[in-house]
Amino acid sequence: MANLYDEAYQKSLKDPEAFWGEAAEDCFWYKKWDRVLDDSNTPFYRWFAGGETNTAYNALDYHVENGRGDQLALIFDSPVTDTIRKYTYTELRDEVARFAGVLKSQGVQKGDRVLIYMPMIPEAAIAMLGCARIGAIHSVVFGGFAAKELATRIEDAKPRLIVSASCGIEVKRVIKYKPLLDQAIELAESKPEKCVIYQRPMEIASMVDGRDLDWADVMAGAEPADCVPVAATDPLYILYTSGTTGQPKGVVRDNGGHMVALKWSMKAIYDVDVGDVYWAASDVGWVVGHSYIVYAPLLKGCTTIMFEGKPVGTPDAGVFWRVISEHGVRSMFTAPTAFRAIKREDPEGALIKNYDLSKFKILFLAGERSDPDTIQWSENHLKVPVIDHWWQTETGWAICANCMGLHHFPVRYGSPTKAVPGWDVQVVDAECNPVKAGEIGALVVKLPLPPGTLPTLWQNDERFIESYLAEFKGYYKTADAGYIDADGYVYVMSRTDDIINVAGHRLSTGAMEEVLSDHPDVAECAVLGVEDKLKGQVPVGFMVLKAGVTRENDEIVKEVVKMVRERIGPVAAFKTATVVNRLPKTRSGKILRGTIQKIADNKEYKVPATIDDPSILNEMADALAAIGLAKGRK
Ligand code: COA
Ligand code: AMP
C-alpha cells in the first residue's frame, strides 16, 4: 500500500496546482491567487500569481490573533554573552511592528531594499520581519564576510537603509562590525541614506553624524506599523550566494510561494507541529538561517531558537545538549561539520549523559555531504534518527530528504534519501539524456520548480537563465553531480563547478583565484578545495610567480592569505598556499584542477591523456607533500 510520502509525491508531480493550492489554504491571504502556477511566461514560472499576502503577518500576527500570543516565539540563547532572552508571539510581533515603524519613518517603502549585516541576535530577525511587514526587501549579509564582499552586495542591492550592530562575538574575539560597514559604504558607489546601529555593551561603535541612528533611540520613539498586503510574487528577500566568479548571485525569494512551501515543510519534512520547539543551529546570514531560524518555524507557530555560539568552545562540546534539554527542543538542524567538531572534542559523547534529551526526536543535517561516520556517531550517541537532506541557497528548502512527517524510510548512508514532494529530480548526461539507475551524471530538476525556489536573480534574468536553465533545456541545473539508485535514493557526490563547501559555508574558489591573481608577484594560480577532517573541505592555493621575482615564497604566501582574509573574509578559511614552478595543464591550456585535487586527497588518479607534460604531476605531488597534503609522488 502506498505510504503518505508516495501519495504526496505522485500528486505533487501529477497535479502541482492541486497539491500546492491545498497547502496554501493553510496560510492567510488578503486576496486569493488567480492561478496557483502561472506558466504564461516560461521559463519564469510564478506561484500564486494574483494573490496578496504578508509573510510577517503569517509568521506573527496570525498566531497572536489565533490565541497563541503568549506562546514563546523565539528564544535567544547566547553562551558567548551569557544571555537567554525569550519573546512570546505578542512580544515579537510588537517589536517587529515597532521596527517596521522605524523603517517607515526613515522613508523606507514597499520594494525598497534594506541590507542587514548583523550577528546572531534577535534584532537581526526583528529587522528581517520588520522589512517583510512593510513590503521592503531585505538582504542579509553574513558577518564573516569582509568589507569588500559587503560592498559588492551594497552595490548590487542598492539599499536605502542598512541595519547593523556594533559587534559580533566569536569564540576568542569580538568582531567589530561597524568599521567593516563604514569601509564597505565607502567602497560602494551606491550609498544608503541611513544606517540603524544596534549598540552592544561590549563594543560601542562610533556613529556618522546625519547618517547613523542608534537602534535603541529610534525604537523608543517608534510608531508601530501595520502589515502591508504584498503580491505573492513580490520579492521578500535577496540572499547573495557564491557564484563562479567574484560577483555573487543575488538569489530572489518571493512572498507567497516561499510562505506556502516553508510552512508545509515543517510537518512534512521535519515532523514538527504548532507549539513544538525547533532549532536550526546556523546563522541568519545563510539560507538555513533565513528559512529555518526565522521564517518556517514562525510560519508554523513553533518556538524557534536563535543560538549565538559554536558547537565547541562556548564553553564546551556539551553546549548543543544543554540547549536541547534546557529549551525542550524536538527537532534540530545543523551542518555535519558541527557534529564533527563535537566528535573531535568529545569522541565518546560523554557530555551527552549530563543532559535530559528526552524531548529530542530527530536530528537533521545539511549544507554539505553527511559522511557516514558522522551520521553513525550521532545515531549511536543520541539514539534518534539522523536525517541527511540536500538543498541549496537557490532552492530555499530541501530537494531531497527523508520526509519524517510523511514516511520514515530506512536510512542509506551517503544518501539524503528521496526527492521531496514537488521536486522531479533526475540524473542526465552532458547531452541531457537520462542515465541508468546507479550511473553518475548531472543532478537536475524538471521545471517548474516547486514554490519557494528562486524565481530569478536580482535584476539579472539573463544570469539566472545562463546559470541554471540554459545547459539542460527544461531543467534546473543544481550544479551537483550524483546518481539515483534503483529504489529512488539520491546520492549527491560533488559540485560540477568551482564551488566548495568549507564548514558548511559555500565559497567560490574562482573568487579566491581573482584575489590571488591581484598579487603583483603572481603570474597564475589555482585554488582548490581539498578534504579536511573537520571542515569537509578547505581551500588551498597554488601560485606560479612572475619571472624575476626574487622575494621569499613564504612572504608571498603570507601576503595572499592576508589578502583573501581582507577581501573575502575570515569565513573563507584560506590559510594554505604554496608556490610551484608550473601548474599541470591540458594541451589547450586548461588547469587540471580535478587531478591536483585527487593528488591532494590521496585518491587514485589517472594521468589525463590530454596533459601537456605528465612529469609535472610528480612535481605537484611533492609540492603538496611539502605542505602536508599528499603522501608525495606515486
Ligand atoms: N563574523 C565574523 N567572523 C566569523 C563569523 C561571523 N559571523 N563566523 C565565522 N567567522 C570567522 C571565525 O572566527 C574564523 O576566524 P579565524 O580564521 O580567525 O579563526 C573563520 O571565520 C572561520 O570560521 P568557521 O568556518 O566557523 O570556523 P571555526 O574554526 O571558527 O569553527 C566550526 C568551526 C565547525 C565549529 C564552525 O564552522 C561551525 O560551527 N559550523 C557550523 C555549521 C554552520 O553553521 N553552517 C551553516 C550552514 S547550516
Ligand atoms: P548552500 O547554497 O550554501 O546551501 O550550498 C549548497 C551546496 O551544498 C549544494 O549544491 C551541495 O553541493 C552542498 N550540499 C548541501 N547539502 C548537501 C547534502 N545533504 N549532501 C551533499 N551536498 C550537500
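Q: What lies 2.7 Å from an oxygen atom of ligand 2?
A: In this predicted model, a polar atom in the side chain of R495 sits 2.7 Å from an oxygen atom of ligand 2.

Q: And how much of ligand 2 does the protein bury?
A: Ligand 2 taken alone exposes 490 Å², and the protein buries 93% of that area.

Q: Which residues come nearest to ligand 2?
A: There are 14 residues around ligand 2, and of these H389, T393, D480, R495 and R506 come nearest. For H389, a backbone N or O atom lies 2.7 Å from a nitrogen atom of the ligand, while for D480 an N or O atom of the side chain is 2.6 Å from an oxygen atom of ligand 2.

Q: How many residues of that shell are nonpolar, polar or charged?
A: The shell around ligand 2 divides into six charged, five polar and three nonpolar residues.

Q: Switching to the strands, why is strand 11 largely enclosed by the rest of the structure?
A: Strand 11 covers residues 194–198, and four of its five residues are buried, which means under 20% relative accessible area, so the strand is largely enclosed by the rest of the structure.

Q: OK, which residue of strand 11 stands opposite I162?
A: I162 stands opposite C195, and strand 8, made up of residues 161–165, runs parallel to strand 11 and is joined to it by five bridges.

Q: What about strand 12, how many bridges pair it with strand 11?
A: Strand 12, residues 212–214, pairs with strand 11 in the parallel sense over three bridges, and in strand 12 the bridge partner of V196 is L213.

Key: Residues are numbered from 1 along each chain as its sequence is written. Chains are lettered from A and ligands numbered from 1 in the order in which they are written. This is a predicted model: local features need pLDDT of at least 70, side-chain atom pairs count only at pLDDT 80 or more; totals for chains, interfaces and linings use all residues. Side-chain values use heavy atoms; hydrogens and water are left out. Buried means under 20% relative accessible area, exposed over 50%, partly exposed in between (1.4 Å probe, protein chains only). Helices (H or I, at least four residues) and strands (E, at least two) are DSSP runs, numbered from the N terminus. Two strands pair if DSSP finds at least two bridges between them. A residue is near a molecule or strand if one of its heavy atoms lies within 4 Å of it. A polar contact is a pair of N or O atoms within 3.5 Å; within protein, one must be able to donate a hydrogen and the other to accept it, and residues adjacent in sequence count only if both atoms are side-chain atoms. Accessible areas come from the Shrake-Rupley method with a 1.4 Å probe; for residues, only the protein chains shown count as cover. Ala, Val, Leu, Ile, Met, Phe, Trp, Tyr, Cys and Pro count as nonpolar, Asp, Glu, Lys and Arg as charged, and the others, Gly among them, as polar.
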